[in-house]
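Welcome! Please take a moment to look over the sequence and the structure below, and then we can walk through some of the details together.

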Amino acid sequence: MSNVESEPVALRCGGDEGGAAVEVLSAREVPLGGPRAMKVRRTLPQRARTLIGAWCFVDHYGPDDITGRGGMDVAPHPHTGLQTVSWLFSGEIEHRDSLGSHAMVRPGEMNLMTGGHGICHSEVSTPATTILHGVQLWVALPDEHRDTARDFQHHVPSPVFLDGAELRVFLGSLAGDTSPVRTFTPLLGAEILLSPGASITLAVDPAFEHGLLVDSGNVRLSDTLLAPSDLGHLPAGPDTLTLTNESPTPARTVLLGGTPFDEQIVMWWNFIGRTHEDIAEAREAWQSASARFGEVIGYPGPRLPAPELPNAVIRPRGNPPRG
Ligand code: MN
């Protein structure tokens, strides 16, 4: 997925200020671009928070019936300094990238693409898709690995069944399952389904902060009730998390976690760097079709041009302290 906000905001992101309560991050609607733009609900980054662990971008979309409509059609666009994680609840997306990967993203199957120094990709919902529903997540790469080689990994986690819950651990470890997918910082990513009224307590790494994205149902995380589309953030410290579905219908959530990412980063469009110059260089390389990002073969159309850089040096913004 591409960040196609017309005036992407540059964000400088620091670590956490700590605190114990759950912070509720509400989503804002963002169009993905194009004449029949699909809208997504974005909970990261936002003013109140830019990172949860190394997770730096959370887009949530659907369920949308795209029959006879455009669905998702994101033309080739670049990434640097980050990884993308695609996770679907329903539908199918055709992924092509400049590594030569050509993969179908399907429900319950994780695709993790490492941009590293540079990659480009396209994402198109397939004609067979009726309901498109899922999340697109980004992970910031730590400085020592942000220029790593481009890469693509695929993993299909086996479901883990607990009392009234079904979990799929696509990154990291939870509920006795561990994903084999390699990451550059300690991370957790899992889909958790809860039956009506179900309550589970999960052992977690106390060094991790966590974010719980609610897709459906009303779910209590610790002492805070989260509504659909909310992302609840819990700082590092607790060694268990309790999730309770307080609705009379099944609930679906995505649990994200990681050790607080304490590097200063600059995000602009689809790039993550450390300075304005990093971003300007990446933009120039994309605009001049440099080998840095390579080429997507098989996408029927032109690639996405980068937005104009702001005239001023990109103004960094920090994570405000938690109130
Ligand atoms: Mn993308």
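This is a predicted model: local features need pLDDT of at least 70, side-chain atom pairs count only at pLDDT 80 or more; totals for chains, interfaces and linings use all residues.

## Aromatic rings and their neighbours

A pair of aromatic rings is described by two things, the distance of the centres and the angle of the planes.

Where do these two residues sit, buried or exposed? Trp 286 and Phe 293 are both buried. They also belong to one aromatic cluster, together with Trp 268, Trp 269 and Phe 271. Trp 286 has a charged neighbour as well: the charged end of Arg 303 sits over its ring, 3.6 Å from the centre. Elsewhere, Arg 252 lies over the face of Phe 89, at 4.3 Å from the ring centre.

## A sheet of seven strands

Let us turn to the strands. Seven of them form an open sheet, with antiparallel pairing, in the order S3-S4-S5-S12-S7-S10-S13. Its edge strands are S3 (28-31) and S13 (151-155), each of which pairs on one side only. On average, and with direction ignored, neighbouring strands of this sheet are turned by 25° against each other.

Eight of its nine residues are buried, so S7 is largely enclosed by the rest of the structure. Which strands does S7 pair with? It runs antiparallel to strand S12 (residues 131-140), and eight bridges join the two; Gln 83 stands opposite Val 139 in S12. S7 also pairs with strand S10 (residues 110-114) over four bridges, again in the antiparallel sense, and here Val 85 has Leu 112 as its bridge partner. In a regular strand the side chains alternate between the two faces of the sheet.

Strand S4 (residues 39-44) and strand S5 (residues 55-65) run antiparallel and are joined by three bridges. The bridge partner of Arg 42 in S5 is Asp 59.

One runs from Leu 44 to Pro 45, with omega near -10°, and Pro 45 is found in the loop between S4 and S5. Another joins Gly 62 and Pro 63, with omega about 5°; Pro 63 has its place in strand S5.

## A sheet of four strands

An open sheet of four strands, also with antiparallel pairing, has the order S6-S11-S8-S9. At its edges are S6 and S9 (102-105), each pairing on one side only. Here neighbouring strands are turned by 20° against each other on average, direction ignored. Strand S8 (residues 93-97) and S9 run antiparallel with four bridges between them, and Glu 94 has Met 104 in S9 as its bridge partner.

Strand S6 (residues 73-79) contains His 77. What does the side chain of His 77 lie next to? A polar atom of this side chain is 2.9 Å from the backbone oxygen of Ala 75, and a polar contact of 3.3 Å joins the side chains of His 77 and His 79. His 77 is buried, with a relative accessible area of 0%.

## Two serines with positive phi

Ser 222 has a positive phi of about 50° although it is not a glycine. Ser 222 lies in the loop between strand S21 (219-221) and strand S22 (224-226), and at 36% relative accessibility it counts as partly exposed.

Ser 229 also has a positive phi, near 85°. This residue is found in the loop between S22 and strand S23 (231-234). Why does Ser 229 count as buried? Its relative accessibility is 16%, and buried means under 20%.

Terms used:
Residues are numbered from 1 along each chain as its sequence is written. Side-chain values use heavy atoms; hydrogens and water are left out. Buried means under 20% relative accessible area, exposed over 50%, partly exposed in between (1.4 Å probe, protein chains only). Rings of Phe, Tyr and Trp (its six-membered ring) pair if their centres lie within 6.5 Å; planes under 30 degrees apart count as stacked, over 60 as edge-to-face and the rest as tilted. A charge sits over a ring if NZ of Lys or CZ of Arg is within 6 Å of the ring centre and within 35 degrees of the ring normal. Two strands pair if DSSP finds at least two bridges between them. Axes are lines fitted to C-alpha atoms, for helices over the stretch in contact, and angles run from 0 to 180 degrees between N-to-C directions. A polar contact is a pair of N or O atoms within 3.5 Å; within protein, one must be able to donate a hydrogen and the other to accept it, and residues adjacent in sequence count only if both atoms are side-chain atoms.
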